[in-house]
Structures are given as C-alpha cells and as structure tokens.
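Please open the structure in a viewer and keep the selection tool at hand.

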Amino acid sequence: MDGRVYQVNISPGGVPKLPVPEARVGAQGLDGDAHHHDHVHGGPHRAVCLLALEAIERVQADGHRIEPGAVGENLTTTGIELATLDVGTRLAVGEEVVLEISGPANPCDVIKHVFVGGKSGRISILLHPTDSRMYARVLAQGTIHEGDAIRVLPPLSDSRAAVHRLLDLLESVEREAYVALWRAAAAAGDDIRILDRGDLSAAASPSLPGALFNRAFGMRQIPIALPEVRALFMAAGTTGYAVAGADEPPWPGAESVETIGVHTAEIEEVTAIAERTARPEGLLIRAVDPHDRADVDRWNDVVLAGFGMAGPNADAWRRLAPGLAAAKGQHTLLATLGGRDVAAASMFTRRRVGWLGNGTVLPDARGLGLQRALIAHRICAAGEAGCRRVMSDADVGSISAANLEALGLRRIWTNGLYRLDPGMAA
C-alpha cells in the first residue's frame, strides 16, 4: 500500500486548490493554505486533507468533473487506497513529515459544482467507502514535495486519533443541546448572544452570569476561533468559559477552573446493566408532557431546587423551561417517590446519540439511588429511541461520575473549563 505524492495543492481559500511543487507542513496544515469555511475545515485534527488519485479516477468514470485539487484536498496521492485505512494509521511522507489519519472529510456544498446534479455525496464515505477524502493530524512537521514517497505505518500504541473522531460526534450532539437551551432563553426574552457555525458554538449573556449561559465549544477542533470567542464575551461585557481538553489548553498558560469527564458507551454495552439496576421501591419515572405547562413547572421546580439555582439564572430558567421542554430532540423526565416529586432529568437525542443532560435529586432524597436510577432509565429510553450510543458529562471524582461508571459509561476524555474575563489580554 505504499505510494507517493501525486500533487501538492493549496489555495488562499475555496476550491480548486492549485498545485505547487512543495509546501511546508505545520501543526495547522500547509503554509499558504486557507479555507473560506474555517469553522468546518482546518484545525489540528483536520490539518491536512488527502484524496487518492484512484478514487478521483473512479469518480471521473461516473461522469463527474473532478480533477486533482478540485474538491479541496491538500495532497493527491497515488498507490494507496486512503479511504480504506483505519483511523490512527500513519503516513510517512518524504523525509520529514508524518501524518496520522484522523477521519473522513464529509462533502459539502462548496464542492458540489464538480458533481453531476450537485451530488457531492459521491465522495461520502457512507455512500462510497473507498472514495472519500480523509483528514490527517500532523505528527512530525516538515516539507512535502510532489513525488515524495509515502510509507504506510501502523497506528501508535498511544494514538488518540480514534478518540478524537468519537469526540467529534459526541461534541456535536452536546453543542446542539446547549444551543437548544440558549435559543429557548433567547425566545423567552433574555439577552443571549449566540454564535453557531460549524464546530463553533458559543453564547454570551450580559445579564446572566456563570458558565451555563456564557460558554464556548469548539476549541479542541478549531483553536483558531479563540479571538472570535473572546470578542463575543468582550462585547457582552461578561466572563465566559471555553471548553477544551484538560491537557490541551486553548491558549498558553491557561488553567482550568473545573475538570469535566466525558463519559460514553455503545448502547448495547450498557442496556443490560441499566435493566438490572435496582430502583427504590415505589419510584416512578415518567416523561413530562411538554404541552402541559403545569407538568413542565413541576419538573422545573425540582431542577431549580436540586441544583440550588437562584437569582437571575433561576428566573431565566423558569422563563425558558417551556420552550426547552418542547425543543426537538429534548426529553424531560420527572421522578416521584411516595407520590412526591423528588428528582428530574433530561435527555437530548441527535445523530443516534443520547446525551444525558441535567439530572438532579432533591437534597433530602439523596442517598437512595435515585440518580443511578435516572441514568438507567435514560439509557433504556435512548435505546428505545434508536440511539446507538449514550454520553454524559460529570465533574471528575464526583458522585455523578461514579454513577455513570457504575452503569458502564467510561470516561474517554477530560475537558477543562477555562475562564475568559472581558478585560484579559489576548
């Protein structure tokens, strides 16, 4: 499967990318190369885009007007069926550069003009598994030349490539869950300023302090967006919080104010555990009717009391709760014990992933196994909804983390929450 570089391609943005004899490759990609949509492309985990000449020729045979560089790949290769390589596979290019396959590049509208009828799905790995573009991380920097040899090497034993690919899916679901929350608050009349473009999702509120309404996602994939995030919080005059890897801070010297574990499992791994999880006698967990305001208010009262939310954020939560409960993909649950409301939780489903959101138990009902029962209930509900995977976040070392692990959700990643004060230096 060893091959060579057929063509090196760059552009100041957009397609086609045009051939150059050589290019320097850094952690963020090729020097002189850029993207018109840098909230979707680029970043350390999608630094270099590759496409096999063999795939181009198969696509051409179907009548599409594709040529090397036309769909935005940085390296057109020959001799290697790139799309068949496992995530984590390394490519030693020339004498210096080592790349690591990080996942497929999804087709987008920017390249649709190359395809008959605009059907860019012709290079989707889901539809044509051998003909997709592939993204790569840069493990060793250097210069790549047209004609360089490419050696295919096995993944490193400590490769994080597969974890990052899974995180791309999980974080997309979590971002959308937060965006649904922020939009519900905005629809209820609160001043929430939302950025939602590609892998960047962020919100800032001048009147609602704290990380719930002043948070930014996307720093793991596109750290280049940090100035845009800073500007959002500065314009709102509020302190913000950026989510990024605990060992990959979003700027040099950044220290997290909180560490949050990302827990996940495939649904078949945890359903049996959930089904045999003991519940307190008399516990009833049911779905809240999003169209019944009194029912939503009951759920809301438990959420506020369980989390000890007060002040402006509590007032905002009361306003947004009806809109959030009715949002697409949102599932709200209320637990009663002995006829008394004692716990509440939610789940957000998207892309066949169930995100187990805000679960809480009233202080005087804790220690009875209610939180674990709520997790188990949502795992089973996610399976019934067609989800293939469940996920949740929990503070490292917390009771919530222990309960997730007891139900089979493993911690695969640790995020830090990094404080961005309005006046701090860029």
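**First stop: a link between a helix and a strand**

Begin by selecting Glu-176, which is partly exposed at a relative accessible area of 24%; the term covers values between buried (under 20% relative accessible area) and exposed (over 50%), computed with a 1.4 Å probe on protein chains only. The model is a predicted one, in which local features need pLDDT of at least 70 and side-chain atom pairs count only at pLDDT 80 or more, while totals for chains, interfaces and linings use all residues. Residues are numbered from 1 along each chain as its sequence is written, and side-chain values use heavy atoms, with hydrogens and water left out.

A salt bridge here is a side-chain nitrogen of Lys or Arg within 4 Å of a carboxyl oxygen of Asp or Glu. Arg-350 belongs to strand β19 and Glu-176 to helix α2, so that distant parts of the chain, 174 residues apart, are linked. Helices (H or I, at least four residues) and strands (E, at least two) are DSSP runs, numbered from the N terminus. Arg-350 is also partly exposed, with a relative accessible area of 23%.

**Second stop: strand β19 and its partners**

Next, select the whole of β19, residues 340–350. Nine of its eleven residues are buried. Which strand is joined to β19 by eight bridges? The partner is β18 (residues 330–337), and the two run antiparallel; strands count as paired if DSSP finds at least two bridges between them. To locate the pairing, select Leu-333 and its bridge partner in β19, Ala-345. β18 and β19 form a hairpin with two residues between them, and Gly-338 in the turn has a positive phi of about 60 degrees.

At the other end of the selection, β19 is joined to β20 by four bridges, again in the antiparallel sense. Met-347 stands opposite Leu-356 in β20. This pair of strands also forms a hairpin with two residues between them, and Arg-351 in the turn has a positive phi of about 55 degrees. A further antiparallel pairing, over two bridges, joins β19 to strand β21 (residues 360–361). There, Ala-344 stands opposite Thr-360.

Now select Leu-181, Trp-182, Phe-213, Trp-299, Trp-317 and Leu-320, which touch the most other members of the largest nonpolar core, a set of 42 residues. Such a core consists of buried Ala, Val, Leu, Ile, Met, Phe, Trp, Tyr and Cys residues joined through side-chain atoms within 4.5 Å. In soluble globular proteins, nonpolar side chains tend to be buried together.

Which elements supply at least two residues each? They include α2 (161–187), α5 (293–307), α6 (311–325), β19 and β20. The largest share, eleven residues, comes from α2.

Keep Phe-213 selected and display its surroundings. Leaving aside neighbours within four places in sequence, Phe-213 is in contact (heavy atoms within 4.5 Å) with residues including Leu-181, Trp-182, Ile-192, Leu-208, Ala-316 and Leu-320. A second, separate core has 37 residues, among them Val-5, Ile-10, Leu-50 and Val-59.

Rings of Phe, Tyr and Trp (its six-membered ring) pair if their centres lie within 6.5 Å; planes under 30 degrees apart count as stacked, over 60 as edge-to-face and the rest as tilted. Both residues are buried: Tyr-178 has a relative accessible area of 11%, and Trp-182 has 0%.

The whole structure holds six aromatic pairs.

Select Arg-46 and Asp-199, whose closest N and O atoms are 2.6 Å apart. Arg-46 lies in the loop between β4 (29–30) and β5 (48–52), and Asp-199 in the loop between β12 (193–197) and β13 (200–204), so the pair ties together parts that are 153 residues apart in sequence. Arg-46 is buried at 13% relative accessible area, and Asp-199 is buried at 11%.

Then select Asp-168 and Arg-220, another salt bridge, with the closest N and O atoms 2.6 Å apart. Asp-168 is partly exposed at 29% relative accessibility, whereas Arg-220 is buried at 4%.

Finally, select Arg-58, Asp-62, Glu-81, Arg-122 and Asp-131, which are linked in a network of salt bridges.
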